[in-house]
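Here is a short report on one protein chain.

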Amino acid sequence: MGQDNDELYAVRTHASGPAGSLPLTKEMLLNAPSGELFGLTQNVGMGWKPSRLKGKQYLLLSTQGGIRKEDGTPVALGYHTGHWEVGLLMQAAASEITDSGGVPFAGYVSDPCDGRSQGTEGMFDSLPYRNDAAIVFRRLIRSLPTRRGVLGVATCDKGLPAMMMALAGMHDLPCVIVPGGVTLPPTAGEDAGKIQTIGARYANGEMTLEEAADLGCRACATPGGGCQFLGTAATAQVVAEALGMTVPHAALAPSGQPVWEEMARQSARAMMQLEEKGIRMKDILTEGAIRNAMAVHAAFGGSTNLLLHIPAFAHAAGVPVPTVQDWIRVNKRVPRLVSVLPNGPEYHPTVRVFLAGGVPEVMLHLRSLGVLDETVMTASGVSLGSVLDWWETSERRQRMKRLLKELDGIDADAVIMSPERAKERGLTSTVTFPMGNLAPEGSVIKSTAIDPAVVGEDGVYRHRGRAKVFTMEKQAIAAIKNGHIEPGDIMVLMGRGPSGTGMEETYQLTSALKHLSYGKYVSLITDARFSGVSTGACIGHVGPEALAGGPIGKLRDGDLIDIVVDRNHLEGSINFIGTGGEVLTPEEGSRVLASREPHPELSADPKLPADTRLWAALQAASGGTWAGSVYDAERIIAVLEAGKKALSL
């Protein structure tokens, strides 16, 4: 209990209460719900002046984590830099609301770090967290009935998609997203993506212990913001802006800097303006906005995780959910324009993309190609066309580009390219969806990230090789570290989809293959998912998943697999074509797989939490991963009702 202190016994049993009186009226007392009246009592109890209670009430939600002193030093750490500084954005936005006569409220649902949980059981909760957090955010919004609008502040892989899902579902409220920005790269060192491979590189003799310790210390050069590469966090910020949910030029701002903090004040003003104009989320998140976001995703070469998230936003907004064929059409029509980590061809950090003009600069190029719906409404309270007209001639655009040249010696048009320059540099579209007897429902590969050294002159990646099969990610990463994986191998990781692990993100595998010298000569096929870093041919989202009867679950060590990915035409196939010395056609391979039993070691992870198992079942009943891994209430209820009837027979 510690030492006694007399101050501990200075206990009071009553207090005089706040000075002043509530601004009540006879009409309020006769007709207002008791909760609304009690809310005023709570407000002054927390210290708000009674004389300032009449302002419009707005809710600020964020994923803030950790405890910081005023000078920024840690009292208790957060899970990651992405939610460490967002409280500063909340303060700036709240001050703007207060200065405008409003009453700000704040609530928090912190988020995990996918980088921290890579290769651990924590990954079992990563994707399921998104749905759970969105539910809690929506419950918090509805639990403040007097709110007139919502500002959502979030940064990273699951927290920002959760916030976007929640706000997308608030059809009749004005809502604005405030992206948490990015951390800076070290002046000399490695980015937060590459640094996650120090274990694999050390095990393969490609770096020393001293190098790993030194580089690992400096990778996050500033304390706030998402990682410096275009992974899920950065891509989600880009998509939020492309959907019209942010103010212009909001995504990828450098965390902690004045331009980042001012963006929070701009967002607060935008939310209050939307409320005055009567513009609601249903006016912003339309089918056209979803198509625009898909086009911008393709132009940036964004993370394949957004193929799970954009459908979820559409579902929450109540607009048509994009299909695989929709994604194929968009990626065939929209060229990649952005040179950024991890895609290249130059590996610029995300802060340079911001200075080069960010989302509005990319959208200017897409407008010239005629692939945008410029009539859609945005959080600025004007159409996308009006936003782009402003950006094209704005002082901000010119000054940001000059800063990039002055600070880093980089021309903005070398980071965000015109379609003509991108074609000259050999940039290819982002995503291909290979089909075949191993993926009847489809799969996903970030084909733009395949190392050009292993792509034919015709733009086609071809790999025919023997399978090395794993049913646990730990087995797969151990094989990479102990030298069991060699150039020419095709790694198969099965049973790691929703039913097996909650659809874990196998970033430690894909990042290792990217940064090991021989990794470009190894392919990976899995029913799990990836982040934005992959090379070679890393093929994920294989459907059906192994534990749902997918043929990937019937492969064995030594099976012959044929992979073809056409980066120019965005077409591909993954087929089992034989075992032993016999080579089969894909059709013959299908028949062999159909006759096989599942792999004997295939099973859900024994440590999979019960709530993740429930998530997997609910999202499966709602259409599965290709529908965004959402909870479709009507479909779930229908399945439950059918089950109850069947059980009663």
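## Domain, sheet and spaces

UniProt, in an unreviewed entry, places the feature "domain: Dihydroxy-acid/6-phosphogluconate dehydratase N-terminal" at residues 80-385. UniProt positions follow the numbering used here, feature names are shortened, and annotations may be inferred rather than shown by experiment. This is a predicted model, in which local features need pLDDT of at least 70, side-chain atom pairs count only at pLDDT 80 or more, and totals for chains, interfaces and linings use all residues. Residues are numbered from 1 along each chain as its sequence is written, and side-chain values use heavy atoms, with hydrogens and water left out.

Over residues 80-385 the chain is 50% helix and 6% strand. The end C-alpha atoms of that stretch are 36 Å apart. Helices (H or I, at least four residues) and strands (E, at least two) are DSSP runs, numbered from the N terminus.

**The sheet.** Four strands form an open sheet in the order β4-β1-β5-β6, with parallel pairing. Strands pair if DSSP finds at least two bridges between them. β4 (103-108) and β6 (175-179) are the edge strands, each pairing on one side only. From one strand to the next, the twist averages 20°. β1 (residues 57-62) and β5 (residues 147-154) pair over five bridges. Ser62 has Val153 in β5 as its bridge partner. Helix α6 (residues 159-168) packs on the sheet and touches β1, β5 and β6 (contact: heavy atoms within 4.5 Å). The direction of α6 makes about 160° with that of β5; axes are lines fitted to C-alpha atoms, for helices over the stretch in contact, and angles run from 0 to 180 degrees between N-to-C directions.

**The spaces.** On a 1 Å grid over the protein atoms alone, a cavity is a set of points where a 1.4 Å probe fits but cannot get out; a pocket is an open set with protein on both sides within 12 Å along at least five of seven lines; lining residues have an atom within 4 Å of a point. Grid points are joined across faces, edges and corners, and a volume is the space filled by probe spheres set on the points.

| Space | Volume | Elements giving at least two lining residues |
|---|---|---|
| Second largest pocket | About 730 Å³ | α4 (114-117), α9 (232-242) |
| Largest cavity | About 130 Å³ | α9, α16 (358-369), α17 (384-393) |
| Second largest cavity | About 60 Å³ | α13 (306-317), α14 (324-333) |

The second largest pocket has 35 lining residues, with Tyr79, His80, Thr81, Cys113 and Cys220 nearest its centre. Residues lining the second largest cavity include Trp327, His541 and Trp626.
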